[in-house]
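User: Please go through this structure with me. I want each label set against the rule behind it.

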Amino acid sequence: MKTLCKTAVMPVVVAAMAAFAFSGVALAGWEPKKPVDFVIMAGKGGGADKMARLMQSVIEKHKLASKPFIPINKPGGSGAEALVHLKQKAGDDHTIMVTLNSFYTTPMRQPGLGVDVMTFTPIGRMAEDTFLLWVHKDSGIKNVQDFVKAAKSAGNKWIMAGTGKGQEDQLLTNFLNKAYGLDMKYVPFKGGGRVAKELAGKHANSTVNNPSEQLGFYEAGNTVPLAAFTPDRLPLFKDAPTFRELGKDFVYFMQRSVVGAPGMSKEAEDYYRDVFKKVFQTEEWQGYMKKKSLQGEFLTGGDLKAYWQREKDIHQKMLKDIGEI
Amino acid sequence: MEILDHLIQGFAIAFQPLNLGLVIFGCALGLFIGAMPGLGSVNGVAILLPMTFLVPPTGAIIFLAAIYYGAMYGGAISSIMLGIPGASTAVATTFDGRPMAMQGLADKALITAATASFIGGTISVILFTLFAPPLAAVALAFGAAEEFALMMLAFATFIGLGGDDIPKTLFSIFIGLVFSAVGLDIISGQPRLIFGDISGFLHGINFLVLAIGIYGIGEMLWTIESSKGDVQISQATVTVRRIINDLRTLKDTFKSIVMGSFLGYFVGILPAAGATPGSLMAYGVAKTISKNPESFGKGNPEGVAAPESANNAASTGSMLPMLTLGIPGSPTTAILLGGMVIWGLEPGPMLFIEHQEFVWGLIASLYAANLFSLLINVAFIPAFIWVLRLPFTVLAPIIFVLCIVGGYAPTQDMHDVWLILIFGVVGYLMRKLEYPLAPAVLAIVLGPLAETSMRQALLISNGSFMIFFERPISGPIMAAAMVLFLLPIFKLVKDKFRSREAT
C-alpha cells in the first residue's frame with residue numbers, strides 16, 4: 001500500500017515541480033503585451049488557413065500563450081500583401097505570419113516589393129507538406145508509365161489543374177513536362193480543394209495535389225495517386241512509388257512555417273519559438289501531421305534560415321527554368 | 001425509408017439539451033453579427049471557430065451552422081433599417097427593403113424578410129435531406145465553362161435592373177467590372193491596377209467596401225440632403241394588429257418566395273457561387289416574371305421576399321459541396337471546412353457513410369436553427385423599429401461609425417476605410433446624376449467569378465468560345481442567358497410595332 005501511494009504521489013510531485021519551474025521561466029521571460037497579429041499568407045479556407053486556425057485552436061485549448069492570437073488573412077498577390085505587411089511591421093514584437101513556398105517565389109517574381117525574406121525572424125517550421133501525382137480512377141491509368149503514354153498522345157490537350165501561376169503546382173508540372181517530354185497544359189484554379197474537385201469531376205486530367213486536398217476523393221475511390229515527390233514512400237499511400245525510385249531524382253516539399261516580422265527582439269523570438277515548439281509537440285498537431293501525411297521535424301533559428309537559403313536557391317533555378325523570372 | 005430513420009436519429013442528436021442550447025445561442029448571436037454592417041457570417045464563424053474546441057464536433061458544427069443561419073436572417077435587418085447591406089448576401093434586399101422602410105413599412109419588410117428566410121431555409125433543408133448525394137454529382141459536373149455560363153445567366157437576369165437610361169446603366173456595369181479587375185490576376189499571376197505599389201489594392205477591392213461606401217455613406221449623404229433638416233426620417237410603427245395584417249398580405253409574395261427558394265438552393269450547391277449571386281439572381285427573376293416590374297426598387301415586398309428566401313436556401317445549398325466534396329460553396333463554408341479539419345473529420349464522399357451522426361445531427365439542427373431564427377427575429381422587430389424611429393441626428397453618427405468599423409474589421413486595413421469614404425462621396429454624386437448603382441455592385445460581385453472561369457475555360461479549349469455552347473450543361477444555360485439578354489430588344493421592337501399600329 002505504501003509503495004502504491006508513493007508511485008501515485010511521485011508523478012504529481014514531479015509535475016508540480018515542473019510546473020513551478022516552468023512558471024518561473026515564463027515570469028522571467030518576455031510575454032506579449034497585447035493580442036498577437038497572426039497573419040495568414042493565404043485566403044480563408046485554403047490549406048495554409050486551415051493549418052493556421054488549427055495552430056490557433058491548439059494554442060487556445062492548451063493555453064500556451066497569455067494573449068490571444070488573432071488570425072488575419074492577407075491573400076493578396078500570391079502573398080505579396082502579407083509579405084509587404086510584415087516588412088512594414090519591422091521591429092514589431094506582436095506580428096507573426098504563417099507561410100508557405102510563395103514566401104520564396106513571390107519576392108523573386110515581384111522584385112518591386114523590395115522584400116528580402118532572409119531578414120524575417122525564423123520562428124519555426126511546423127511541417128513540410130508533400131505532393132503526389134493524381135489521376136482519375138476512370139482514366140484507367142495505373143502507373144507513371146501509363147500516365148506518360150496517355151499524356152504524350154494527348155499532347156497539349158492534357159490538362160493539369162493547379163493552384164496559381166508560378167507556384168508549387170506549376171513548378172511540378174514543369175518538372176514532369178521536362179522529365180518525360182510532355183506538353184501538358186497548366187490551368188490555374190483558386191485553392192487546392194477546387195483543384196481536387198476539377199479532377200474528381202473529370203474537368204482536368206491530372207493534378208499534383210497535397211494529400212490533404214485529395215484525401216476525401218481518394219478515400220471514396222475516385223482518384224488514384226501515381227507517384228510521390230518525396231524521398232521515401234508515404235505511409236498513407238504505400239502503393240505509390242517515389243519519382244526517385246522511378247529514376248527521376250526529384251524531391252519537392254512545401255514548408256508550413258511561422259515567421260516573425262524583421263528585427264523582432266530576441267526575447268519575443270524566444271517566446272514565440274517556445275509557443276510553437278509546444279504546439280508542434282501536442283497530440284493534436286502530431287495527429288494532424290500523421291493524418292494528412294505531413295513530414296519534417298521542428299526547425300528553428302539558424303537551421304531554419306539555412307533551410308530557407310537552400311530552398312530559395314532551388315526555387316530561383318526552377319523559376320528561371322519556366323521563364324517566370 | 002432509410003432517410004427518415006436517419007433524420008429521426010438526427011433529431012434525437014439535435015435536441016440533446018447541449019445541442020439545442022447551442023442552436024438557440026448561435027441563432028441569436030448570428031442574428032446580431034449579421035445585422036452589423038460589415039460583420040457577416042464569414043467573420044462571425046471565423047471569430048468563434050476556436051471556441052468550438054470546447055464541445056464535441058457535432059455540437060461545434062451545429063453551433064457554427066446556427067450562427068451562419070442567424071446571420072443570413074440578420075443581414076436583412078441592416079439592409080432594411082439602415083439601407084446598408086449587412087453582408088454581401090443581403091445586397092438585393094436593400095433594393096426594395098430600404099424604400100419600404102422609408103415609406104413607414106419597415107415592419108412589413110422585416111416580417112416579409114423573416115418569413116421568406118424561413119420558407120427558403122425550410123425548403124432547402126428538405127431538398128438537402130432528400131437529394132444530397134445525387135445533387136453532389138451535379139456540383140461535380142460543374143467545371144469552368146459551366147460556371148461562366150451560370151455567371152452570364154446571373155448578369156442576364158439583371159438586365160432590366162438599371163432602369164431606362166441604357167448608357168448610364170452600361171457605365172455603371174463597366175465601372176464595377178473595372179473595380180473587380182483590381183488585385184491579383186490568378187491566370188497570369190501578376191498584380192493588376194494597383195496604382196504603382198499601393199499594397200492595399202493587392203487584395204482587390206472587396207465587394208463590401210463598395211457596398212458600404214455607396215449604400216452606407218452615400219445613402220447617409222443623400223438622406224441629409226433630401227430630409228432638409230427634418231430629423232424624423234421614417235414614420236415606422238409596429239402593433240400586433242399590423243403584424244397580423246402583414247402576415248395576411250404575405251401570400252402575395254408566395255410565388256417569389258418559392259421561386260427564390262429553389263433558385264437559391266441550386267445556385268448555392270454550385271461551388272464558388274454561394275448565396276450572393278443566388279440572391280441577386282432571385283431578385284432579377286422575380287422582377288422579370290412580375291406583372292408590374294416597374295414597382296421593383298420602389299418598395300415592392302416581392303423584392304424583399306425573393307432575395308431573402310434565396311440567400312437562406314443558398315446557405316443550406318452551399319453546405320452540400322462542403323460536406324460531400326470537401327470544397328466550399330461560399331466563403332463561410334470555407335471556414336466551416338477548416339473547422340471540420342480541426343475536429344478531425346474528413347469532408348468528402350465518405351463523410352455521409354463514416355460519420356452519419358455528424359451529418360444527420362447537422363441536418364436536423366438546420367430545421368431547428370430555422371425555426372429559432374424566425375422566432376428570435378420576429379420577437380426583436382419592435383426593438384428594430386424603435387431604432388428606426390430615432391432622430392436622424394442620432395442615427396447618422398451611429399451609421400457612420402458602423403460603416404467605418406464594418407469596413408475595417410474584415411481586412412484590418414485602413415486602406416479600405418479610405419476607399420469607403422471615397423466610394424461614399426462618388427456614390428452620392430452618381431446618384432444625384434441619376435446613375436443606377438445596383439449594376440456596379442452586381443458587376444463587382446460577379447465580375448471576378450465570370451472572368452476567372454471564362455479564362456480557365458478558354459485555356460482548356462485553346463481559345464475557342466465554342467466550349468461554352470458545346471458542353472451538355474453549359475450549352476443550355478448559355479442559350480437561356482442569350483434569350484434573356486435579347487428579351488429587352490424584342491420588347492422594344494414589339495412596343496414600337498404596337499405604338500405604330502395604334503397611331
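This is a predicted model: local features need pLDDT of at least 70, side-chain atom pairs count only at pLDDT 80 or more; totals for chains, interfaces and linings use all residues.

Analyst: Residues are numbered from 1 along each chain as its sequence is written, while chains are lettered from A and ligands numbered from 1 in the order in which they are written.

User: Why is chain B called as compact as a globular protein of its length?

Analyst: The radius of gyration is taken over C-alpha atoms, and the globule rule is 2.2 Å times the number of residues to the power 0.38. For 503 residues the rule gives 23 Å, and chain B has 22 Å, close to that value, so the label applies. Along the principal axes, the C-alpha atoms of chain B fill a box of roughly 65 × 60 × 55 Å.

User: What makes up the secondary structure of chain B?

Analyst: Chain B has 22 helices and two strands. Helices (H or I, at least four residues) and strands (E, at least two) are DSSP runs, numbered from the N terminus. Of the contacts in chain B with a separation of 6 or more, 79% are between residues 24 or more positions apart. A contact here requires the C-beta atoms of two residues, placed from the backbone, to lie within 7 Å.

User: What makes strand S6 of chain A mostly covered?

Analyst: A residue is buried if 20 or more other C-beta atoms lie within 10 Å of its own, exposed if 12 or fewer, and partly exposed in between, with C-beta atoms placed from the backbone. In S6(A), residues 159-163, five of five residues are buried. Ile159(A), Ala161(A) and Thr163(A) are on one side, Met160(A) and Gly162(A) on the other, and both faces are covered.

User: How do you know which strands S6(A) pairs with?

Analyst: Two strands pair if DSSP finds at least two bridges between them. S6(A) and S7(A) have five, in the parallel sense, with Tyr186(A) as the partner of Met160(A) in S7(A). The chain goes from S6(A) to S7(A) through helix H6 (residues 168-180) of chain A, a right-handed β-α-β crossover. Right-handed is the term if, with the strands pointing away from the viewer, the path from the first strand over the helix to the second runs clockwise. S6(A) also pairs in the parallel sense with strand S8 (residues 206-207) of chain A over two bridges. In S8(A), Ser206(A) is the bridge partner of Met160(A).

User: Which strands pair with S10 of chain A?

Analyst: Strand S3 (residues 95-99) of chain A pairs with S10(A) in the antiparallel sense over four bridges, and Ile96(A) has Gly260(A) as its partner. Strand S4 (residues 121-129) of chain A is joined to S10(A) by seven bridges and also runs antiparallel. There, Pro122(A) is bridged to Val259(A). S10(A), residues 254-260, has seven of its seven residues buried.

User: What is noted about the phi of Lys202(A) and Ser293(A), and is each buried or partly exposed?

Analyst: Most residues other than glycine have a negative phi. Lys202(A) is not a glycine, yet has a positive phi of about 60 degrees. The loop between H7 and S8 of chain A holds Lys202(A). With 14 other C-beta atoms within 10 Å, Lys202(A) is partly exposed. Ser293(A), also not a glycine, has a positive phi of about 60 degrees and lies in the loop between helix H10 (283-291) and H11 of chain A. Ser293(A) has 20 C-beta neighbours inside 10 Å, so it counts as buried.
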